[in-house]
Protein chains: 2
Amino acid sequence: MGGDDAPGAQIEGARRALRSGIGPIILVGQTDEVSGELERRRIPPGTFDIVHAAETVAMDESPTYALKRKREASIAVATRLVRDAKACALVSCGSTGAQVASSILHLGRLPGVERPAIAVAFPGTQGWGVLIDAGANAQNRPSHLVGFAVMGTLYLRHIFGVENPRVGLVSIGEEAAKGNELVVEAHRLLEGTPGINFVGMVEGRGVYTGGADVLVCDGFVGNVLLKFSESASRWVVHHLREGMRGRPLVTLGGLLMKPAFRHFRRVADPSSIGGAPLLGVKGTSIIAHGSSDAEAVMNALAMARRLVDEKVNEKITANLQLETRGE
Amino acid sequence: MGGDDAPGAQIEGARRALRSGIGPIILVGQTDEVSGELERRRIPPGTFDIVHAAETVAMDESPTYALKRKREASIAVATRLVRDAKACALVSCGSTGAQVASSILHLGRLPGVERPAIAVAFPGTQGWGVLIDAGANAQNRPSHLVGFAVMGTLYLRHIFGVENPRVGLVSIGEEAAKGNELVVEAHRLLEGTPGINFVGMVEGRGVYTGGADVLVCDGFVGNVLLKFSESASRWVVHHLREGMRGRPLVTLGGLLMKPAFRHFRRVADPSSIGGAPLLGVKGTSIIAHGSSDAEAVMNALAMARRLVDEKVNEKITANLQLETRGE
């Protein structure tokens, strides 16, 4: 178990998930540490299965190097439980890079998937949207983006109930020929992709508020955008505070508005969704934020459950086999 | 003259600029239309020079195609005035693509500049910062980013008074080896670039709030980020409004907070800066927002004046010749 508040947040989140009918749940980590935390929280023995993992991957370690050297890292042990059908899904708040590498290495890719991708759902101004890939890949080829479009469509449809999500390709203009080589070629491929509702290029200003629900981009752009949105939120709040300084009535307004700021933080907070799946691997692998609290962990476990129950992986395989391109 | 409110906003902005000592100013456009507007505003003949341009480039036209076909487009006529030393700078609220293409075609590049770039200044939480390239290029090579770093540094130093700006390369992690091929190679080049204060990779979450003042990225990423910041601001405001709905006290807070929202809009609004220079061309070319009002036009003209007065182009040439790489 990794994460800033491990193992407390993880264990408390797992307890809440279990109470709401999600389980059984296996805790993977240092047995001593886990048992100690269970005892401290007066959780009866036998509530969870515990599987020992001697090592951990630090947040600043090189994921591929760490996985080679640490066969008994908790992320590796947990992923092998899924591979060996001893668990149906994996949730981690640890190093994203290590989880992506471990999932691809131990679970392998679904048939027809060239590159797994992280799908991050967000509450846009017109309803739920998804950004894919949010950073599983540092670099992509045009055909990878076709897989992202299909996987993002199925995720939004079956988990968020958006029946016919509009797929947009993130670019610097709305014209098909404008953009870098990657998106211009991906646009051509997406126009011929069956089973998706492709609406063309979408500019940055349309990401949260625009004409597409599934926002397709390479993992570099997606990761920069996702992390920039944190920066942008903090930036707005910073300048609102500056605008209040030395003005008592405006400051009073800010105090009265607190519930609205809380509302914003709640919708913007990734913990309200709990986690982002790495789509395209054989198994369910949910990436939770390193700063997850117990509620976020519970929501991530619930997300894992839904992906399994809705058979999203089977749907991805079936849809990608519609294409002639398949492996 | 292009832009959503042309030629009214342009002429009113030019009048205000003239009053504050910036000028003389040449208006380039359809003579009839310009004269009519001057008359309507009771501006005496002779206040401005007027140069006739028979055509315009529409916002949705392909810039390169339009420039080939329309030799007498106002943007082409205005750029040639700068080339022929009849004007020292060019300001436009029209098509950005056409202005970039026309500036590169008619003015040419400064010695040592591989690729001109758009430098967008923004008020970060730690002071002024600049994002470069914000979209002059759809695709870049690593060496282009070295020029962006140098030009961004000089712009921030001489126009915004940031003495030794920290240069960060936008990427998906802080490690030098993490990222796509473009940034990993650019990182290597930037480490050996004299005259800049390179601090390494910067993640998306550090764009507005982080450890760098000059944010270097390729034009695709920069344009997506810049436009996304508009989307993100609207998104924050949307969810704050949602959080107020049906709660009278919170709504009252929102009303009292109006001055703070106005403050935010003012700092976030590109018109407070007026325009973004296309750096790296022989001459001064300021890109103003299509939706510029008179104040934005005035500020853009003031920005043009300062770039000329501070001899930013000469400084760029001198600094790029420090490098062995020069053309």
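This briefing describes how two protein chains meet in a predicted model and then looks at a few residues inside them. Because the model is predicted, local features need pLDDT of at least 70 and side-chain atom pairs count only at pLDDT 80 or more, whereas totals for chains, interfaces and linings use all residues. Residues are numbered from 1 along each chain as its sequence is written, chains are lettered from A and ligands numbered from 1 in the order in which they are written, and side-chain values use heavy atoms, with hydrogens and water left out.

**The interface of chain B and chain A**

- Contact, meaning heavy atoms within 4.5 Å, links 56 residues of chain B with 56 residues of chain A.
- The two chains bury about 5,400 Å² between them, with 72% of it on carbon and sulfur atoms; buried area is the accessible area (1.4 Å probe) that two parts lose on being put together, summed over both.
- Phe220(B), Phe228(B) and Trp235(B) supply 14% of the area that chain B buries against chain A, which is more than any other three residues.

- Two salt bridges are found across the interface of chain B and chain A, a salt bridge being a side-chain nitrogen of Lys or Arg within 4 Å of a carboxyl oxygen of Asp or Glu.
- Glu203(A) forms a salt bridge with Lys227(B), and their closest N and O atoms are 2.2 Å apart.
- The elements of chain B that each supply at least two residues of the side touching chain A are strand E4 (117–124), helix H7 (181–191), helix H8 (219–244), helix H9 (248–256) and helix H10 (258–268); helices (H or I, at least four residues) and strands (E, at least two) are DSSP runs, numbered from the N terminus.
- H8(B) gives the most to this side of chain B, with 22 residues.

**Aromatic rings**

- Over all chains, a search of the whole structure finds 13 aromatic pairs; rings of Phe, Tyr and Trp (its six-membered ring) pair if their centres lie within 6.5 Å, and planes under 30 degrees apart count as stacked, over 60 as edge-to-face and the rest as tilted.
- The ring centres of Tyr155(A) and Phe160(A) are 5.5 Å apart and their planes stand at 75°, so this pair is edge-to-face.
- The rings of Tyr208(A) and Trp235(B) are stacked, because their centres are 4.0 Å apart and their planes are at 20°.
- Tyr208(A) lies in the loop between strand E7 (197–202) and strand E8 (214–216) of chain A, and Trp235(B) lies in helix H8 of chain B, so the pair joins two chains.
- Tyr208(A) is buried, with a relative accessible area of 8%, and Trp235(B) is buried, with a relative accessible area of 3%; buried means under 20% relative accessible area, exposed over 50%, partly exposed in between (1.4 Å probe, protein chains only).

**Two buried residues**

- Ala288(A) is placed in the loop between strand E10 (284–287) and helix H11 (294–309) of chain A, and is buried, with a relative accessible area of 2%.
- Leaving aside neighbours within four places in sequence, Ala288(A) is in contact with Ser92(A), Cys93(A), Gly274(A), Gly275(A) and Ala300(A).
- Thr153(B) belongs to helix H6 (residues 142–160) of chain B and is buried, with a relative accessible area of 1%.
- Leaving aside neighbours within four places in sequence, Thr153(B) is in contact with Pro165(B), Val167(B), Gly195(B), Ile196(B) and Val214(B).
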